[in-house]
Amino acid sequence: MSTSQGQSDSPQHDLVRRAVQGDIDALTELLATHGPQVEAKLKIGRQWRNVLEPGDVMQVTYLEAFMQIGSFRPDRADAFTAWLRRIAENNLRDAIRGLERQKQPQPCRRVEAGVTADSFVCLYEHLAATSATPSRIVAKEDTKRLLEAAIAGLPDDYAATVRMYDLEGRPIAEVCKTMNRSAGAVHMLRARAHDRLCELLGSASNWFGSRA
Amino acid sequence: MFPDSGSSKNHADLIAAARQQFESARRADRRPAGFEGGTSDRLNRGEHPVDAIRGYEILREIHRGGQGVVYQAIQTSTRRTVAIKVLREGPFAGEQDRNRFERETAILAQLSHPHIVGIIDRGVESGCYYFIMDFVDGASLERYADAENLDIRSRLRLFTEVCEAVNFAHLRGIIHRDLKPGNILIDTNGRPRILDFGLAKSTDGEAASFGSQTLTGQFVGSLPWASPEQVQGDAAQIDTRTDVYSLGIMLYHLLTGTFPYRVAGSMRDVLDNIVRAEPPAPSSVVGRGAITSGSGRPERLDRDLDAIVLKCLGKDREGRYQTAGELARDIRRYLAGEPVEARRQGTWYVVGKSLKRHRVAAAVSAGFLVLVLAASVVSLALWRMAVRERDEAVAAQRRADLEAAKSIQIARFAQDMLSGIDPATAGDLDKRLMRLVLDDAAARVERELAGQPAVEASIRRTIGLSYQAIGEWPSAARQLEKSLELFRAAASEMDPETLGVLNDLGMLYKEQGRLPDAQAACEKAIEGRTLLLGPEHRDTLISRSNLAEVLKEQGNPLEAEALNRIVLEARTRTLGPEHPDTLTSLNNLAIDLQMLQRTDEAEAILRKVIEVESRVKGPTHPESMRTVNNLAIILQYTGRLEEAENILREGVALRERVLGKDHPDTLRSLGTLAETIRRKGDLPEAEKMFRHVIDEYRRVLGSAHPTVALHIYTLANIVATRGDLPGAEPLFREALEICRTSLPPSHLQTGHSKLGLAACMLKLKKFSEAEELLLEVQKLFEGNPEVDRYWHQSLAVCFMNLYGDRYKESPNNADAEKTAYWRERAIQLTPPTSQPASAPASDAGAPCSSAPAQQKSTA
């Protein structure tokens with residue numbers, strides 16, 4: 001029997017297979033090959049170009065690629081590029097969404113300045129809104145402890161964004177300045193940080209439940 | 001830290017920095033004991049709480065929540081992607097967790113709706129409770145709306161679909177209690193799907209076992225979407241309007257990008273806002289450019305939308321839409337440019353809205369409007385004069401009241417007289433005489449009660465029900481529909497009488513095979529009765545039980561079973577175990593179980609019901625006779641033909657005497673008897689009986705009724721079995737055509753008819769039509785848990801014979817391979833030990849379908 005797919009033995013496929021299995025060098029090589037193509041196709045509207053550059057998007061995209069590669073399931077020859085492009089487009093969309101909303105006053109989405117147990121509860125509720133995780137019975141102190149633990153498991157930039165913007169309630173301009181990042185990049189980092197927190201909190205509810 | 005942004009050239013630096021952050025986060029094991037890693041970590045370690053579930057190949061963990069773990073998996077038999085929710089603690093789960101999990105399963109089983117994630121199967125594997133759901137690949141509501149850049153109207157249309165799905169749950173007594181964008185996914189086809197009923201409350205007796213909120217900060221639900229009654233912790237106040245409130249918050253956010261009040265900050269402030277803060281109008285908080293139209297222009301919200309959103313967010317439940325259905329209807333009105341209910345109070349608003357809708361007509365009518373306004377001035381003067389005559393009018397009113405009271409007395413008397421028409425109370429009186437009396441009564445109502453709509457409505461209802469009782473369905477429909485129209489005009493949509501007639505019509509439509517109409521009528525009756533009388537009022541339970549029967553008739557026995565069990569539990573608790581309504585529920589449940597091939601359970605229930613019913617209702621009560629007939633069907637199904645025949649012959653005689661020879665119930669008994677005779681092998685006698693029953697059914701039900709189709713199908717099988725294939729073909733075609741026009745496309749009876757016609761075509765060597773039909777049947781049967789092994793085997797045999805015969809006529813490799821495949825498949829499916837499991841419908845009488853194909857020797 002002959003195979004008709006033609007990709008099973010290619011070096012590209014081998015790299016993808018190794019990357020999915022956790023070979024970081026293989027993934028690094030793949031990103032170096034495909035990243036520039038993905039960046040070239042990113043379309044950033046003129047009105048956002050002074051607060052968001054393609055490089056901002058690719059920074060977060062690469063980090064996400066390292067974090068998500070375990071769940072990547074190649075199903076066709078160009079699957080890796082398509083997968084990476086989806087991550088990049090997702091990041092770009094979240095950045096623009098954040099920038100658009102930044103133009104409007106949105107007190108409701110923010111927690112008060114200063115970190116309190118309530119800040120954690122509110123962040124937790126906000127995260128629950130974007131995942132299917134029901135809040136269930138949540139005690140303030142448990143929430144705080146859990147979120148702190150979850151944030152500690154994030155990449156540094158994600159953690160810093162959440163701490164400064166969500167928990168300490170600092171203005172976006174201050175967060176950008178402190179992190180030396182563009183506003184678009186901060187919004188992107190925050191969106192991805194929230195995704196990761198949702199995942200971690202999902203598993204954390206295991207720990208929750210035993211105490212509830 | 002990453003290098004400074006701004007350079008897109010040095011990808012190597014960016015990748016290296018990303019890698020460094022990733023490795024740093026991975027190395028840092030800063031999580032407390034028991035805090036598991038993220039999804040991919042766990043996946044890479046290959047850890048699953050449950051190693052395997054038979055029939056499914058687990059791909060990955062999707063989500064881990066407080067109650068369960070959800071996996072993406074492949075159903076090996078169909079290769080379709082599904083989601084499996086496994087009880088988190090696995091075999092170590094406590095009783096309370098298991099009960100809660102089972103409750104969620106039961107709730108989902110009731111909710112077969114295209115916009116609610118559907119349950120496919122349930123079970124226990126190695127002590128782990130699990131259920132299988134549709135896999136939804138999609139984004140949350142808001143994320144989808146933003147990503148697709150939906151304009152306001154598209155958002156509203158999508159939101160309406162969500163409301164309708166929530167309303168569907170409400171009609172079944174289910175309150176979600178945790179509605180939020182994250183629990184509403186939009187699939188790749190743009191269809192919303194509601195998820196996670198883990199916190200749902202059933203209004204059927206299940207007290208809100210989890211409090212809503214406590215002073216220590218405990219809370220059930222999701223705070224930003226919570227209603228005032230939720231956060232105040234009064235479980236008794238949680239009802240459908242709680243979900244309406246959450247929908248309102250979602251709609252507010254979907255349109256404005258903000259919450260209606262501050263939901264961040266100290267817990268005390270947030271709770272205070274939810275309970276007290278009056279939300280600003282959405283149009284006042286939307287900045288320019290929040291949502292853009294298709295042309296890229298920013299859209300603005302108007303006062304109608306403000307009114308709709310704010311009506312959902314009333315602090316007092318009475319001020320909100322009472323159901324999600326009302327909300328959906330108002331949004332649809334808005335989309336159609338009609339006046340919205342939320343602003344109904346203002347007459348000028350309604351006039352203005354109508355003028356806006358009909359600009360051209362409005363211009364023409366402007367002169368008329370002036371006349372109307374002038375007339376209003378005149379009316380005002382006349383009203384002032386009328387005030388002076390008020391005292392005289394009061395006296396006149398008193399006289400009118402007396403007359404009305406007298407009319408009501410007369411109406412009651414007439415109703416009492418007419419109620420004798422019901423065979424349930426009339427025993428074995430002559431039914432022709434009853435019909436004459438009813439015809440006369442109907443004609444007199446027309447002439448004599450024209451000026452008294454309330455009385456006319458009431459009498460027409462009685463006449464309609466009486467016609468229904470003697471099987472005169474078209475006349476019954478005419479009377480009940482007119483009664484409904486009069487009640488609606490004289491009282492309101494929410495009047496108990498109006499709802500009562502709606503319920504009656506639901507059942508009548510079911511008998512007539514008008515299933516979508518029946519479902520709509522039942523759902524409206526449930527909606528109204530739940531709000532007006534409460535979820536466990538006897539009348540509400542009757543409507544819910546009726547809905548279950550309609551669902552069963554539409555080919556959803558699983559859903560019907562779940563609903564019937566809820567009604568049975570409520571009736572046993574509130575009315576007692578021997579109440580006639582409770583016995584009806586038991587009978588209905590037995591039929592569900594029979595359809596689900598749980599024959600032993602069904603038989604045990606029916607024998608118990610017969611014993612109690614003959615004591616409580618009497619042996620000639622139509623419902624008692626119905627239960628006996630259902631037992632006969634089970635006996636026939638399990639091959640106890642002699643016993644079945646004896647019961648049926650007795651039953652036919654009794655029904656002929658009590659109900660009349662052409663009553664649909666009598667015909668059901670006769671049809672079941674004909675099928676028993678067929679199974680006993682006396683084909684000529686069976687054929688004669690079937691032809692008679694079909695003729696009678698055509699006269700009574702009309703030719704397009706599914707029951708007629710079922711009997712024609714069985715007759716076609718008899719004709720085919722005696723070798724008259726040209727005679728059988730038109731019968732099969734007619735049966736299929738009726739199914740196509742009167743049943744949902746997925747109904748199994750349609751599949752059976754197709755299979756019968758395919759077998760006939762095969763024998764007539766019309767291979768290509770046979771193949772086309774068989775492929776359609778295959779699609780219909782695939783993954784359907786209600787299709788038993790017998791029908792799968794019949795399908796396999798038909799395929800095997802098709803390809804085998806075609807190969808004999810024109811040998812080719814493809815047909816040879818297909819023949820071998822289907823032969824193997826047919827052998828794998830052990831031959832049935834009993835007759836096919838397409839159990840007849842309730843009371844059901846109708847014959848069990850016969851075998852569509854005989855297995856040939858190997859090709």
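**Notebook: helices of chain B**

I looked up helix 21 (residues 538–553) of chain B and helix 23 (residues 580–595) of chain B, and their axes come within 11 Å and cross at roughly 20 degrees. Angles under 35 degrees count as roughly parallel, so I noted helix 21 of chain B as roughly parallel to helix 23 of chain B. I am working from a predicted model.

I then checked the handedness: helix 21 of chain B passes helix 23 of chain B in a left-handed crossing. For the contact, I listed B:R538, B:I542, B:S545, B:E549 and B:K552 from helix 21 of chain B. They meet B:D581, B:N588, B:I591, B:D592 and B:M595 in helix 23 of chain B. I sorted the residues of this contact into three nonpolar, two polar and five charged.

Next I took helix 17 (residues 453–469) of chain B. At 1.5 Å a residue, its 17 residues should span 24 Å, and the end C-alpha atoms are 24 Å apart, which agrees. Helix 17 of chain B is mostly covered, with 14 of its 17 residues buried. After helix 17 of chain B I found B:G471, with a positive phi near 80 degrees.

Last, I ran the length check on helix 30 (residues 725–742) of chain B. Its 18 residues should span 26 Å at 1.5 Å a residue; the end C-alpha atoms are 26 Å apart, in agreement. I wrote down its buried residues, among them B:L725, B:E729, B:F732, B:L736 and B:C739. What covers the buried residues of helix 30 of chain B includes helix 29 (706–721), helix 31 (748–763) and helix 32 (767–781) of chain B.

Conventions
Residues numbered from 1 in each chain as written. Chains lettered and ligands numbered in written order. Predicted model: local features only at pLDDT ≥ 70, side-chain atom pairs only at ≥ 80, totals over all residues. Heavy atoms only, no water. Axes fitted to C-alpha atoms, helices over the stretch in contact; angles between N-to-C directions. Helix = DSSP H or I, 4+ residues; strand = E, 2+ residues; numbered from the N terminus. Parallel < 35°, antiparallel > 145°, perpendicular 65-115°, else oblique. Left-handed = near helix turned anticlockwise from the far one by under 90°. Contact = heavy atoms within 4.5 Å. Nonpolar A, V, L, I, M, F, W, Y, C, P; charged D, E, K, R; others polar. Expected span 1.5 Å × (residues − 1). Buried < 20%, exposed > 50% of the residue type's maximum accessible area, 1.4 Å probe, protein only.
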